[in-house]
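Look over the structure below before reading on. The paragraphs after it go from the whole chain to single residues.

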Amino acid sequence: MPRMILLLAVALALIILVRRAQRQPPHKRRAAYLQIVLGSAVVGVVILTLMGKMHWIGAALTGLLVAARQVLPLVVRFL
């Protein structure tokens with residue numbers, strides 16, 4: 001039963017976020033969708049790691065990918 005409640009809460013949160021992204025101006029919509037996808041992936045990895053279904057190295061690599069996405073534009077601008 002608790003898993004079903006968690007699943008419903010996650011589904012409701014995703015629906016709210018997608019609707020909020022759809023109300024964005026067209027030029028900001030793609031970025032909003034990308035944030036939803038990346039955020040969902042990070043939350044999924046954290047949940048899998050905490051449940052013991054994913055190795056911690058996989059979680060660390062996912063974290064590095066997210067960090068690289070944030071830092072890479074700054075590095076390119078600096079160079």
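What follows describes confidence, overall form, and then a few residues.

This is a predicted model, in which local features need pLDDT of at least 70 and side-chain atom pairs count only at pLDDT 80 or more, while totals for chains, interfaces and linings use all residues. Residues are numbered from 1 along each chain as its sequence is written, and side-chain values use heavy atoms, with hydrogens and water left out.

The pLDDT is the predictor's confidence in each residue, from 0 to 100. For the protein chain its mean is 86, and 100% of the residues reach 70 or more. Helix α1 (residues 2-22) has the highest confidence, at 88, and α3 the lowest, at a mean of 84.

The protein chain holds 3 helices and 0 strands, in the order α-α-α along the sequence. Helices (H or I, at least four residues) and strands (E, at least two) are DSSP runs, numbered from the N terminus.

The C-alpha trace of the protein chain spans about 50 × 35 × 10 Å along its principal axes. Its radius of gyration is 16 Å, whereas a compact globule of 79 residues would have one near 12 Å. That radius is taken over C-alpha atoms, and the globule rule is 2.2 Å times the number of residues to the power 0.38.

Of the 79 residues in the protein chain, 6% are buried. Buried means under 20% relative accessible area, exposed over 50%, and partly exposed in between (1.4 Å probe, protein chains only). The protein chain exposes about 6900 Å², of which carbon and sulfur atoms supply 74%. Such areas come from the Shrake-Rupley method with a 1.4 Å probe; for residues, only the protein chains shown count as cover.

Leaving aside neighbours within four places in sequence, T62 is in contact (heavy atoms within 4.5 Å) with V45 and M54. T62 and V45 lie 17 residues apart in sequence, with 7.6 Å between their C-alpha atoms.

R20 belongs to helix α1 and is partly exposed because its relative accessibility is 48%. Its C-alpha atom is 8.6 Å from that of A32, 12 residues away along the chain.

L79 lies in the segment after α3 (56-78) and is exposed because its relative accessibility is 82%. Together with V71, L72, V75, V76 and F78, L79 forms a nonpolar surface patch of about 680 Å² accessible area. Patches are made of residues with over 30% relative accessible area and no salt bridge, like charges being joined within 9 Å and nonpolar side chains (Val, Leu, Ile, Met, Phe, Trp, Tyr) within 5 Å. A salt bridge is a side-chain nitrogen of Lys or Arg within 4 Å of a carboxyl oxygen of Asp or Glu.
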